[in-house]
Amino acid sequence: MAEFQVLLGDRVLVESPRWHDDRLVFSDWGAGEIVAVDLDGNAEVVANVNSVPFCIDRLPDGRLIVVSDSNLLVRAPDGSLTPYADLSPVSTKPWNDIVIDGRGNIYVNNIGFDFPGGEFAPGLVALVSPDGAVRQVADGLAFPNGMAVTQDNSTLLVAESYGGRLTGFDIRPDGSLSNRRVWADLGEDAAPDGICVDVEDAAWYASVPGKHCVRVAEGGEVLQTIEADRGCFACMLGGPEGRTLFAVGATWPEAMTGGSRTGQVLTAEIGVPAAGWPH
């Protein structure tokens with residue numbers, strides 16, 4: 001049975017882990033920092049962000065893209081963040097997670113209402129294509145959260161936290177989405193947050209109320225569960241062979257206050273590697 005170990009502690013509200021150049025890069029919303037940590041626990045702040053939330057991913061050429069308010073920012077070699085795309089024509093409600101496919105299509109989802117105090121309204125997904133054009137490509141999502149793309153760039157998965165499901169879309173050659181379907185029904189109490197996929201096109205999802213990360217197949221069959229002692233906000237596969245599951249977690253709702261430093265990066269060794277391995 002795989003178990004989580006603590007790689008890094010003393011963080012605040014941690015989110016959006018990504019594996020790159022032998023380090024895990026993640027956002028600490030409570031500290032306003034993007035942090036990189038290696039497998040020995042050595043951490044470095046690689047950028048500072050003055051907005052919440054701010055999720056991250058990378059273009060195929062390795063450049064870091066950051067969701068900040070209604071903008072996408074790109075990180076320069078000196079660590080500064082400069083404008084890349086404006087999302088405000090699509091929506092002025094809070095933008096959330098981001099995923100970039102192997103062709104450079106950038107997908108960003110929008111919650112659709114002011115969280116946590118606003119009245120619920122469905123969210124959407126926007127596409128920033130490689131030519132810089134911005135347009136909406138999906139709507140009617142119940143609090144869209146984590147997103148992932150299968151290794152053949154054919155399918156976008158979106159975690160609907162208020163819907164208890166992972167929703168799948170076919171990715172067309174122009175980046176638009178079609179064939180919307182319930183990819184996995186997780187149950188009303190699942191509250192899937194951040195997600196990632198492996199080489200078998202199974203998905204891992206993190207759950208804050210569940211305090212665990214769960215691997216599911218298309219259709220919803222549970223393949224593996226790894227328990228934690230705090231809420232898990234997001235997960236990512238990485239490590240030298242792609243067989244390390246990283247989770248970022250913190251106690252909830254204390255993490256929202258900013259004064260609680262219960263944020264941690266957790267690791268567990270699992271059998272099936274990430275999508276894209278071997279590489």
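**Aromatic ring pairs in a predicted model**

Tyrosine 162 counts as partly exposed because its relative accessibility is 47%; buried means under 20% relative accessible area, exposed over 50%, and partly exposed in between, with a 1.4 Å probe and protein chains only. The model is predicted, so local features need pLDDT of at least 70 and side-chain atom pairs pLDDT 80 or more, while totals for chains, interfaces and linings use all residues. Residues are numbered from 1 along each chain as its sequence is written, and side-chain values use heavy atoms, without hydrogens and water.

The structure holds nine aromatic pairs, that is, rings of Phe, Tyr and Trp (its six-membered ring) with centres within 6.5 Å; planes under 30 degrees apart are stacked, over 60 edge-to-face, and the rest tilted. Tyrosine 162 is paired with phenylalanine 143: the ring centres are 5.0 Å apart and the planes stand at 55°, so this pair is tilted. Phenylalanine 143 sits in the loop between strands S13 (134-141) and S14, and tyrosine 162 in the loop between strands S15 (155-160) and S16 (165-171), so the pair ties together parts 19 residues apart in sequence. Strands are DSSP runs (E) of at least two residues, numbered from the N terminus. Phenylalanine 143 has 7% relative accessibility and therefore counts as buried.

A second pair joins phenylalanine 233 and tryptophan 252; with ring centres 5.9 Å apart and planes at 65°, it is edge-to-face. Phenylalanine 233 belongs to strand S22 (residues 231-238), and tryptophan 252 to the loop between strands S23 (244-250) and S24 (263-269), so parts 19 residues apart in sequence are tied together. Phenylalanine 233 is buried at 4% relative accessibility, and tryptophan 252 is partly exposed at 39%.

Phe143 and Tyr162 also belong to one aromatic cluster, together with Phe113, Phe115 and Phe120.

Definitions and conventions. Helices (H or I, at least four residues) and strands (E, at least two) are DSSP runs, numbered from the N terminus.
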